[in-house]
Amino acid sequence: MESSTTPGGRTRREATRQKLYEAAVTLIAEQGFSATTVDEIAERAGVAKGTVYYNFASKSVLFEELLRHGVGLLTASLREAAERTAREGGSRVDALDAMVRAGLVFIDRYPSFTQLYVAELWRTNRAWQSTLMVVRQEAVAVVEGVLREGVGTGEFSEEIDVPLTAAALVGMVLVAALDWQAFQPERSLDDVHAALSRLLQGRVSGRR
């Protein structure tokens, strides 16, 4: 295995895998999984076809690892937002709001991956479906943790359904962000965050 490092500190193999992830996610978003070939992924990544198989046993394995990698990045960004808010003395609502923004930042940076992820959630005949469910739960669990802490401290009502509320918050960010990118691209990230923040904090009513 190669062990030399890039200026950013990643191993050369990690850098190659990143290029393959980026090539695969772009191509699959453009033309679908079945229509995308390993040759095309290699060409888009600027590597030899053999390099793809050196890093991944097959196209399916590459895509499964792509999903795991992408959702892992999202999960890490959500967790970091919650932990940063806690260090700064913010409330659990503040933490959820920070996580909403972190999710929007992630989707703004990786729109093609987000489109693929949402599409794959609704398919049940894929070899990687079980992996997708596991990594999805890892992301939702970060939000669940903040909600449970809020219930424990009395900041949130004991009547809330924590798993469903967490899933709804994650879904709200995903769907709103995709709608933003597809149909309202003139809006800024701050605009979208402000709108979702009002929903989160119950400030959509005209009553004060």
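Colleague: Which residues in α4 meet which residues in α5?

Modeller: Good place to start, and please keep in mind that this is a predicted model. To read a helix pair, list the residues on each side of the contact. On the α4 side you find Gly70, Leu73, Leu74, Ser77, Leu78, Ala81, Ala82, Arg84 and Thr85. They meet Asp94, Ala95, Ala98, Met99, Ala102, Gly103 and Phe106 in α5. Sorted by class, this contact has 10 nonpolar, 4 polar and 2 charged residues.

Colleague: At roughly what angle do the axes of α4 and α5 cross?

Modeller: The angle is roughly 145 degrees, and the two axes come within 8 Å. The crossing of α4 and α5 is right-handed.

Colleague: Let me step back to the whole chain. How many helices and strands are there?

Modeller: The chain has 9 helices and 0 strands. Going along the sequence, the pattern is α-α-α-α-α-α-α-α-α. The C-alpha trace spans about 60 × 35 × 35 Å along its principal axes.

Colleague: What share of the 208 residues counts as buried?

Modeller: That share is 38%. Among contacts with a separation of 6 or more, 61% come from residues 24 or more positions apart.

Colleague: Now for a single helix. How many residues does α4 have, and how far does it reach?

Modeller: Compare the end-to-end reach with the expected value. Helix α4, residues 59-87, has 29 residues and reaches 42 Å from its first C-alpha to its last, close to the 42 Å expected. Just after α4 comes Gly89, with a positive phi of about 80 degrees.

Colleague: Which residues of α1 are buried?

Modeller: The buried set is Arg13, Ala15, Thr16, Gln18, Leu20, Tyr21, Ala23, Ala24, Val25, Leu27 and Ile28.

Colleague: How do the axes of α1 and α2 cross?

Modeller: The axes of α1 (residues 12-31) and α2 (residues 38-45) come within 8 Å and cross at roughly 125 degrees. That angle makes α1 oblique to α2. Their crossing is right-handed. From α1, the contact includes Lys19, Leu20, Ala23 and Leu27, and α2 supplies Glu40, Ile41, Arg44 and Ala45. By class, the contact of α1 with α2 has 6 nonpolar, 2 polar and 4 charged residues.

Colleague: What is the class make-up where α8 meets α9?

Modeller: Let me place the pair first. Helices α8 (residues 162-183) and α9 (residues 189-200) pack at an angle of about 150 degrees, with axes 11 Å apart. Leu169, Met172, Val173, Ala176 and Trp180 of α8 make the contact with Leu189, Val192, Leu196, Leu199 and Leu200 of α9. The class count is 10 nonpolar, no polar and no charged residues.

Colleague: Let us zoom in on one residue. Is Met99 buried or exposed?

Modeller: The cut-off for buried is under 20% relative accessible area. Met99 has 3% relative accessibility, so it counts as buried. Met99 lies in helix α5, and beyond its close sequence neighbours it is in contact with Leu78, Ala81, Ala82, Val142, Val143 and Val146. Take Val143: it is 44 residues from Met99 along the chain, yet their C-alpha atoms are separated by 8.1 Å.

Colleague: Why does Glu120 count as buried?

Modeller: Glu120 counts as buried because its relative accessibility is 2%. This residue is found in helix α6. Leaving aside neighbours within four places in sequence, Glu120 is in contact with Phe63, Arg126, Trp128, Gln129 and Leu132.

Colleague: And what does Lys59 touch?

Modeller: Lys59, which is found in helix α4, touches Phe33, Ser34, Thr36, Val38 and Ile41, not counting residues up to four places away. Lys59 is buried too, with a relative accessible area of 17%.

Methods. Residues are numbered from 1 along each chain as its sequence is written. This is a predicted model: local features need pLDDT of at least 70, side-chain atom pairs count only at pLDDT 80 or more; totals for chains, interfaces and linings use all residues. Side-chain values use heavy atoms; hydrogens and water are left out. Axes are lines fitted to C-alpha atoms, for helices over the stretch in contact, and angles run from 0 to 180 degrees between N-to-C directions. Helices (H or I, at least four residues) and strands (E, at least two) are DSSP runs, numbered from the N terminus. Angles under 35 degrees count as roughly parallel, over 145 as roughly antiparallel, 65 to 115 as roughly perpendicular and the rest as oblique. A crossing is left-handed if the near helix is turned anticlockwise from the far one by less than a right angle, and right-handed if clockwise. Contact means heavy atoms within 4.5 Å. Ala, Val, Leu, Ile, Met, Phe, Trp, Tyr, Cys and Pro count as nonpolar, Asp, Glu, Lys and Arg as charged, and the others, Gly among them, as polar. The expected span of a helix is 1.5 Å times one less than its number of residues. Buried means under 20% relative accessible area, exposed over 50%, partly exposed in between (1.4 Å probe, protein chains only).
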